[in-house]
Amino acid sequence: MESTVNNQEIEKQRVNSAKWYANWRFITASIIIIIGLFIAAGSYYQATHFNSQIKINGIKVGGMTADQALKKLKTTVLKNVVYVGQQQIIDGKDTKMVFTNKDLPDVKKLLKSQRTFFPSSKAKGYSLMPGNQDQYRNQTLKKQVEEKLLTMNKGLKAPQDAVVRLEQGKIVVTSSISGEQFDVAGILKDFEKQKYISEIRLNPVYLQPIKEDSEFIKNQQKKFEEFLAQTIDYMVQDKAFTLTAGELIKNASISKDLQIKIADAGEIKQRIAEINNAQSTLNKDFTFKTHSGSLISVKGKGYGWSIDVEKEIPRIMEALENGEKSVSASNIYGHGWKGEGYGYDTIANNGIGDTYAEVSIAEQRIWIYKNGKLVVTTNVVTGTHDNRHDTSPGVWYILYKQSPSVLTGRENGKITYQVPVNYWAPFTNDGQGFHDASWRGNWASNAYLGAGSHGCVNTPPSIMKAVYDNLSTYEPVVVY
């Protein structure tokens, strides 16, 4: 009996254990299912809702779905208050954010990016720009900020850049001075990067002067050094005169694009005047070799040239500023009817050249040379010596040629004679020149003393055409 009881007890315990195990498995399975459902629900919630401390553009969207967050963004009002540093400069009009349903995908991207497996209370802010541009914010308000800053700058001290100058021949750098004006362009760039929130806080960026140790100033100094070492050949006729900027220029400035501007002529005027005095022939004595080979000195009268120094100065300054290597003299003047100078292009024969007419008052004869060769010579009668109508000595030039012509004599403003001639070639402004004289009977070598002309060079009609044909306009006439 005792054995039967024990067996029954054992069986009972086995059955109870089986029931307990079955119940435990059911409870465990139920718990697992419940936990799974809880986790699934939590995961779904986490996937569709923002964490509790999330902000978009400063707006709390914690616990909201993407649709709910977008709705709140669409209805949020922007105060559009602008600060530069701690100073409020603009209190703009209230506007709503311009979010639309088209921005929902971007909100969902933010939702996905902030997602955590377990709910998080960590504060985090996101910035989101709407697909549509906020015209008020991007244009109107930005323009207001710009105008406000520019207005404020008018009352603020401007910075002063370091400046490089040439003063009294030395390169001088003045120190920069800091200012108080805002860097409007820099602040506007900051404005464009601001988050889409009610308060726009801009960093106070100030205009900075160009410092004396900057690369820019060093480049200007280097440019001045190169400028002072610069030389230019000043061409006068066939000669080159070297002009050195460092010797001639004492004061100059330089622009931001490294263009040097000479402030004054410095020593240029003196140097060009020296060159002009050495080279010009106007009003100077010409050394002339006569037909007989003797050397004489003849005063330049109508013939000769000089440099207009004042007009040359700006040309040389400009050439130095532009880094040119040479410049030729161009402002030439003389005793021509219009102020022109003759003989500048003539270098041979002491400036008279190889084509000229020679008139000897003492010998009463002329010689005409072409390219160094004698082509015509003849006896002539010059101006009457006794009544001071002498042909004027000097170096002149043929003004023009005319055939035929009528010679008109005047004294005290009245016409004293009018005589037709076949050939006429004047060389002085007061009416002296070469012409044929068919009326003359006395061609003696001493006729000029008491029975000469009124100053012209009377030439025998038989040879006057040859004389006329070999005279060249603007070529010298040497009378001695």
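Author: Two strands pair if DSSP finds at least two bridges between them. Strands (E, at least two residues) and helices (H or I, at least four) are DSSP runs numbered from the N terminus. This is a predicted model, in which local features need pLDDT of at least 70 and side-chain atom pairs pLDDT 80 or more, while totals for chains, interfaces and linings use all residues. Residues are numbered from 1 along each chain as its sequence is written, and side-chain values use heavy atoms, with hydrogens and water left out.

One cavity of 30 Å³ or more turns up in a search of the whole structure. (On a 1 Å grid over the protein atoms alone, a cavity is where a 1.4 Å probe fits but cannot get out; a pocket is an open set with protein on both sides within 12 Å along at least five of seven lines; lining residues have an atom within 4 Å of a point.) The largest cavity holds about 50 Å³ of space, a volume being the space filled by probe spheres set on the points, which are joined across faces, edges and corners.

Its lining can be read in sequence order. T355, Y356 and A357 belong to it, then I368 and Y369, then I398, and finally N470, L471, S472, E475 and P476. Two strands, β20 (356-360) and β21 (365-370), each supply at least two of the residues that line the largest cavity. By class, seven of the lining residues are nonpolar, three polar and one charged. (Nonpolar means Ala, Val, Leu, Ile, Met, Phe, Trp, Tyr, Cys and Pro; charged means Asp, Glu, Lys and Arg; the others, Gly among them, are polar.)

How are these two strands arranged? β20 and β21 run antiparallel and are joined by five bridges. Within this pairing, Y356 faces Y369 of β21, and both tyrosines are in the cavity lining. The hairpin of β20 and β21 has four residues between the strands, and Q364 there takes a positive phi near 50°.

β21 has a further partner. With β22 (residues 373-379) it pairs in the antiparallel sense over six bridges, and K370 stands opposite K373 in β22. Two residues lie between the strands of this second hairpin, where N371 takes a positive phi near 50°.

F288, Y356, Y369 and Y480 form one cluster. In the whole structure there are 14 aromatic pairs. (Rings of Phe, Tyr and Trp, the last by its six-membered ring, pair if their centres lie within 6.5 Å; planes under 30 degrees apart are stacked, over 60 edge-to-face, the rest tilted.) One of the pairs is F286 with Y303, which is tilted, at 5.8 Å centre to centre and 45° between the planes. F286 lies in strand β15 (residues 285-289) and Y303 in the loop between β16 (295-299) and β17 (306-307), so this pair ties together parts that are 17 residues apart in sequence. F286 counts as buried at 2% relative accessibility, and Y303 likewise counts as buried at 2%. (Buried means under 20% relative accessible area with a 1.4 Å probe and protein chains only, exposed over 50%, partly exposed in between.)

Three bridges hold β26 to β27 (residues 433-436) in the antiparallel sense, and P426 stands opposite G433 in β27.

β26 also takes part in the largest pocket, where it, β24 (405-411) and β25 (414-421) are the elements that give two or more residues to the lining. This pocket contains about 700 Å³ of space. Among its 33 lining residues, T408, Y417, G431, H454 and C456 are the closest to its centre. β24 provides the largest share, seven residues. The lining comprises eleven nonpolar, 16 polar and six charged residues.

The second largest pocket, with about 210 Å³ of space, involves helices instead: α4 (135-154) and α5 (184-192) are the elements giving two or more residues to its lining. α4 gives the most, three residues. Of 15 lining residues, M129, R137, N138, E192 and Q194 lie nearest the centre. The classes come to five nonpolar, five polar and five charged.
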